[in-house]
Amino acid sequence: MTAITTLDNPTPTRRDFLYLATGAVGVVGAAAAIWPLVSQMSPDASTLAASSTEVDISGIAPGQILTVKWRGKPIFVSHRTPPEIEAVRAVPLSELKDPATDQSRVEKPEWLVVIGICTHLGCVPLKNDGPFKDGGFFCPCHGSVYDQSGRIRQGPAPANLAVPPYKFASDTKLTIG
Amino acid sequence: MSGHSTYVPKHPAAKWLESRLPILGLMHSSFIVFPNPRNLNYWWTFGGILSFMLVSQIITGVVLAMHYTPDSALAFDSVEHIMRDVNYGWLLRYWHATGASMYFFAIYIHIFRGMYYGSYKAPREVLWLLGFIIYLLSMATAFMGYVLPWGQMSFWGATVITSLFSAIPVVGDAITTWLWGGYSVDNATLNRFFSLHYLLPFMIAGVVVLHIWALHVPGSNNPAGIEKKTDKDTLSFHPYFTAKDGFAIACFLVFYAWFAFYIPNYLGHADNYIEANPLKTPPHIVPEWYYLPFYAILRSIPSKLGGFLAMFGAVLILAALPWLDTSKVKSGSYRPLFRIFFWVFVLDAVLLGYIGSKPPEGVYVMAGRILTAYYFIHFLVILPLLSRFEKTKPLPASIADAVLEKTKSSSPALAG
């Protein structure tokens, strides 16, 4: 039996097996060595710890909108009044560029929690401003107008203000993220 | 590079590249078919180990630099952030820190190999000098790297060594202030050390390229110290020495990993886990182990300038070796008297290292002075005298003969 596997002698030899086995172990070793070098660029433990933010909402009066930072982004926490909630729920979906019911965008009707970044080119809109002065938002950069549910009503922005993941830890504490 | 390569590419893409930039041929002639003496022993694997270590330090270093902050108020904490928060940060930091020690362990073996086998002798003098430059750059790099965590040893080691420059007459203080970027080791110093610590390894890589180029002109030295004459004396680099170097690197990695995973702080100093305090000096300032022999020499001379010159001279004298030891016989294997003095020198260097780790008090002071004197006597007196008066053993006719001689003596039945 010759030692070299060729077209004329296709039976795998012991050498072939050894090359394959060594190569396989080598690949596993290389992957194990490379993995930490890749993983170290992923968010580290301190960043992950900062990935959720707690907000005390007991101090926000009805009609007030608080801005907090979450994952480096501004979050608008709006304490809506009953007239604002009524007005925003009365809007027919056909009028909306990015149709969504208000109910689908909030957990509790009196609390709107949205990411305060205009979906056009990323500016931070002004609160309680624009055509929907009470509870709505106006982006001064290019004139996008958002209603009391953070939905786009006028202007170049293509989508509603994004809703981050959040839950109510208690009646006075909101956990975002 | 002695002459064009014999590489003839088969694949059309390879042909295309080769005709425009013959890099494939260069790799082929340098690392595939290059003839190496067939009698090389494992002391010759440390060049490959060092190349591996340089790449390892650069990769882990670049990655650590993604998370480290070189500001004196934030540096220490950023290292702890790496250790605690960054994914595998503890591993990257320990691998890089122990890696510096492993790098120097390998470089000393590599240098001692050169000293024993006469690898610095003609025609390899420039190769030796390039190696010396690499060693200097490595010492500078490691020194600056150790400052970066901004612990007590980082700060005070930096203060002691940079203050040495004030020993230079007339311009010493001005130079030291310029080095510091201020009136003491401070934020300005730390920032520039970070920049230079990142830069220098790439300079080292460049000199390593020259080092390998200079090596490839005559080819490697070998344990017999006689130059190759025919093809019978050599074997192609691949597969014989790629396999040998690969195996040696694997064994080295086991040794390295033992430190990195089980005793990562053994070679370091506990005081470096205390944040730098410019107002409080630790009771004993010690550099990392790889500087200890030179540290001992520095402290052996009672004068500030004298100690500085002695320490510098002790490093520089290595460069003069090719002209101090002029014996025509290269290898210590055929120089029985030189061999004894070589091992005495090794002992002297190790003992100097031990003295360097001790406080400069009591019996250590006199011992340090004697060992320092002997260090210089070895280079300036013993080696030149040996070259002139030593009786050397007869050399084998060729490398192939040297190999056959060995087999003949160990198993007479197989000879022939």
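**Note on the predicted two-chain model**

1. The side chains of Glu390(B) and Arg335(B) come together in a salt bridge, at 2.9 Å from N to O. This pair joins distant parts of the chain, since Glu390(B) sits in the loop between helix H15 (363–389) and helix H16 (399–410) of chain B, while Arg335(B) sits in the loop between H13 and H14 of chain B, 55 residues apart. Glu390(B) counts as buried because its relative accessibility is 12%, and Arg335(B) likewise counts as buried because its value is 0%, the cut-off for that class being under 20%.

2. Everything in this note refers to a predicted model, and its confidence values deserve a place ahead of the remaining details. Chain B has an average pLDDT of 95, with 97% of the residues scoring at least 70, and for the complex the predictor gives an ipTM of 0.83 together with a pTM of 0.88.

3. Lys121(B) belongs to the loop between helix H5 (89–117) and helix H6 (125–147) of chain B, and Asp325(B) to the loop between helix H13 (321–324) and helix H14 (336–357) of chain B, so the pair ties together parts that are 204 residues apart in sequence. Both Lys121(B) and Asp325(B) are buried.

4. Which residue forms a salt bridge with Arg84(B)? The partner is Glu80(B), and the closest N and O atoms of the two are 2.8 Å apart. Here both residues lie in helix H4 (residues 75–84) of chain B, four residues apart, which is about one turn of the helix. Arg84(B) counts as exposed because its relative accessibility is 65%, whereas Glu80(B) counts as buried because its relative accessibility is 18%.

5. Turning to chain A, the residues Glu95(A), Asp147(A), Arg151(A) and Arg153(A) are linked in a network of salt bridges. Over all chains the count comes to 13 salt bridges, yet the count between chain A and chain B is zero.

6. How much area do chain A and chain B bury between them? The value is about 920 Å², of which 63% is on carbon and sulfur atoms, and the contact draws 11 residues from chain A and 11 residues from chain B. Six residue pairs are in polar contact between chain A and chain B, both members being at pLDDT 80 or more. On the side of chain A that touches chain B, helix H1 (14–39) and helix H2 (45–49) of chain A each supply at least two residues, and H1(A) gives the most, with four residues. The residues of that side divide into six nonpolar, four polar and one charged.

7. A last point concerns Thr176(B), which lies in helix H8 (residues 172–180) of chain B. Is Thr176(B) buried or exposed? Thr176(B) is buried because its relative accessible area is 2%, with under 20% as the limit for that class. Leaving aside its neighbours within four places in sequence, Thr176(B) is in contact with Thr162(B), Ser163(B), Phe165(B) and Ser166(B).

Notes. Residues numbered from 1 in each chain as written. Chains lettered and ligands numbered in written order. Heavy atoms only, no water. pLDDT = per-residue confidence, 0-100. Buried < 20%, exposed > 50% of the residue type's maximum accessible area, 1.4 Å probe, protein only. Contact = heavy atoms within 4.5 Å. Buried area = accessible area lost by both parts, 1.4 Å probe. Salt bridge = Lys/Arg side-chain N within 4 Å of Asp/Glu carboxyl O. Polar contact = N/O pair within 3.5 Å; in protein donor to acceptor, adjacent residues only side chain to side chain. Nonpolar A, V, L, I, M, F, W, Y, C, P; charged D, E, K, R; others polar.
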